[in-house]
Every structure is written in structure tokens, then in C-alpha cells.
Amino acid sequence: MSQPAPVREGTHAVFGNGTAHSRDQHSCLAAAYDPVTLPRLAAAGVGPGWHCLEVGAGGGSIARWLAGRVAPGGSVLATDLDPRDLAPGPRLEVAALDVARDPLPEAAYDLVVARLVLQHLPTRDAVLHKLVRALKPGGLLQIDELDASYEPPLLTPDAEAEALYVRFLRAKTGALRAAGGDPHWGRKVPAAVRAAGLTAIDVHLHIGVRHAQDPGLGLQLNHTHNLRDRLTEQGMTQEDLDRVGRLMQDPSFRAASSVLYSVQGRRPGRGRS
């Protein structure tokens, strides 16, 4: 097995925006995980008058949903390191934000939400504390993150195909770690949220089965293109990536998904409940 590449200083975002691959990724993310993220927010009572911040808004599906819920009197700020795939609208403002470096207003938001963002940031614990400080007293933080440590293949044509898929998963983990990320961070979110000072912590887990029609597997297929250079640094060849891409499109293929942790907590103090 090849050794992971070292962490590179000053690495840009692992997943860039403004490309055909990024738009496909945003579509897969929304289809795979909005059915988890949005009901959680609805159950928390997000509604008229709420002022909301989304960090790492990507294609904007969460932000658009929030903007449809906060009228009258509410607002949504959707931010991303590169917001070119975001569009403003009624009650929806868009801004560029490097959450690891740029300041956020203190005690400004009823809700802060970040999905599949902090795991990519080497300074994720400091960023988490910054997001907590941006909440009003009583405000709600929702962090949705994956733990990719368990996602085994279940049905493949043969042992060689199974080994190829496992190599692909290991290469992706290595690529994300080389960029300073922690693809297993999902399991650590509940403790991190508590350590950041939040209370009323509520944890939901989601796991599914990947198959050719599953948008979660579509996301994996996207990564054979979107992360191609980083995956080849981890020892995968272009032929390997083409083969594993065909494997994931095989109607008989099945694999366990990674685990999505959806974690909510509130900043102590009187406010919305």
C-alpha cells in the first residue's frame, strides 16, 4: 500500500467551485443529505424572524430552503470560500468567507449551520468556537459531518473488484488527510460541540446502502473525477479510477455508506427554543 502524501502547507479548498464537477457534486450532496439536514432544521423550529448563517453553502440548497422559512422578518447569509455557485434571492444574501481566517459578528444569529465543512479544516476546533460565538444566546448550531471509517463494499462482481473499491476508499481518505482534513471527524462532533460550550446536544446518525441510483454513490463517482489529481498522488492510476467508476455504475454493486452525524446544540442563555 502506498504511503499517504504529506500535508501540504497553504492548501486550497479540496473541492473547488465553478466547474462542471463542482455543480455535479452540489447536486449529489443535496440529493443525498438534504433529506437528513432539512427535517432536522424544521424540527428545531426554524421559522419566521430567524436570522441564519450557513458556512460552506456550496450550491445553496440549504440556504434556499432556509430563506423560504424565515419570512417575515428573517434573513439568511450563505457563505463560501468561493461563492460563485451561489445565487442571492429574497431574504438570501451571499458572501465570500474564509471561515478559518475571516471574523464573524458576535451573538448575531439564531441559527448557524455547516454541513461537510469543518472536517476539511485543520483549525476545525477553533472554527467551531468561532461559530458558537456567532450565535445569539439560546441560538442553535447544527453541524452535519461524515465519518468515513466504515463504508465497506457489500456486493461486488469478484474479489478483485472489492479490493479495488477498498483501495479507492483508502486513497480518498489519504487525499483528504494530506490536505489537512479528518474524514473520520463525524464521530468526534458531539464531544467537540460540548467542549465548545453548547448545551441541549442532540445527535442523529444516518447510514444507508450505496447503489448505482444512490446520490451518495453518485458523490463517490464524482470524486473519481473531482479528486483525480489528489487520488493519483495516493497511488491510484487513471485506469484504476476508470475501473472503479465503472464498478460503481454496475447495477448489482452494493456498499455501506459512511455515517452522517447530524449534531445540534444551543448556546447557553435565554433566546429561541
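Analyst: Happy to! Let's begin with Asp 158, whose side chain reaches the backbone nitrogen of Ala 161 at 2.7 Å. That is a polar contact (a pair of N or O atoms within 3.5 Å; within protein, one must be able to donate a hydrogen and the other to accept it, and residues adjacent in sequence count only if both atoms are side-chain atoms). Before going on, please note that this is a predicted model, in which local features need pLDDT of at least 70 and side-chain atom pairs count only at pLDDT 80 or more, while totals for chains, interfaces and linings use all residues. Residues are numbered from 1 along each chain as its sequence is written, and side-chain values use heavy atoms, leaving out hydrogens and water.

Asp 158 is in the loop between β6 and α4 (159–178); helices (H or I, at least four residues) and strands (E, at least two) are DSSP runs, numbered from the N terminus. Asp 158 counts as partly exposed because its relative accessibility is 40%. On this scale, buried means under 20% relative accessible area, exposed means over 50%, and partly exposed is in between (1.4 Å probe, protein chains only).

Two strands pair if DSSP finds at least two bridges between them, and β8 and β9 (residues 254–256) pair in the antiparallel sense over two bridges. For Val 209, the bridge partner in β9 is Ala 256.

Glu 54 sits in strand β1 (residues 51–55). Glu 54 is buried yet has no salt bridge, and the nearest side chain of opposite charge, Arg 115, is 6.0 Å away. A salt bridge here is a side-chain nitrogen of Lys or Arg within 4 Å of a carboxyl oxygen of Asp or Glu. For charge, Lys and Arg count as positive and Asp and Glu as negative; His and the chain ends are not counted. Not counting residues up to four places away in sequence, Glu 54 touches Ile 62, Ala 63, Leu 77, Ala 78, Thr 79 and Val 113, where contact means heavy atoms within 4.5 Å.

β1 pairs with β2 in the parallel sense over five bridges, and His 51 stands opposite Ser 75 in β2. Strand β2 (residues 75–80) is mostly covered, with five of its six residues buried.

Now for the greasy side. A nonpolar core is a set of buried Ala, Val, Leu, Ile, Met, Phe, Trp, Tyr and Cys residues joined through side-chain atoms within 4.5 Å. The largest one has 29 residues, of which Val 99, Leu 118, Leu 128, Leu 131, Leu 141 and Ile 143 touch the most other members. At least two of its residues come from each of β1, β4 (109–115), α3 (124–134), β5 (135–147), α5 (189–195) and β10 (259–266). α3 gives the most to this core, with five residues. Apart from this core lies another, of 20 residues, among them Phe 15, Ala 179, Leu 217 and Ala 255.

Finally, the charged pairs: the whole structure holds 14 salt bridges. In one of them, Asp 202 and Arg 40 meet at 2.5 Å, N to O. Asp 202 lies in strand β7 (residues 199–206) and Arg 40 in helix α1 (residues 20–43), so this pair ties together parts that are 162 residues apart in sequence. Asp 202 is partly exposed at 30% relative accessibility, whereas Arg 40 is buried at 8%. Lys 188 and Asp 182 also meet in a salt bridge (2.8 Å, N to O); here Lys 188 is partly exposed at 41% and Asp 182 is buried at 6%.
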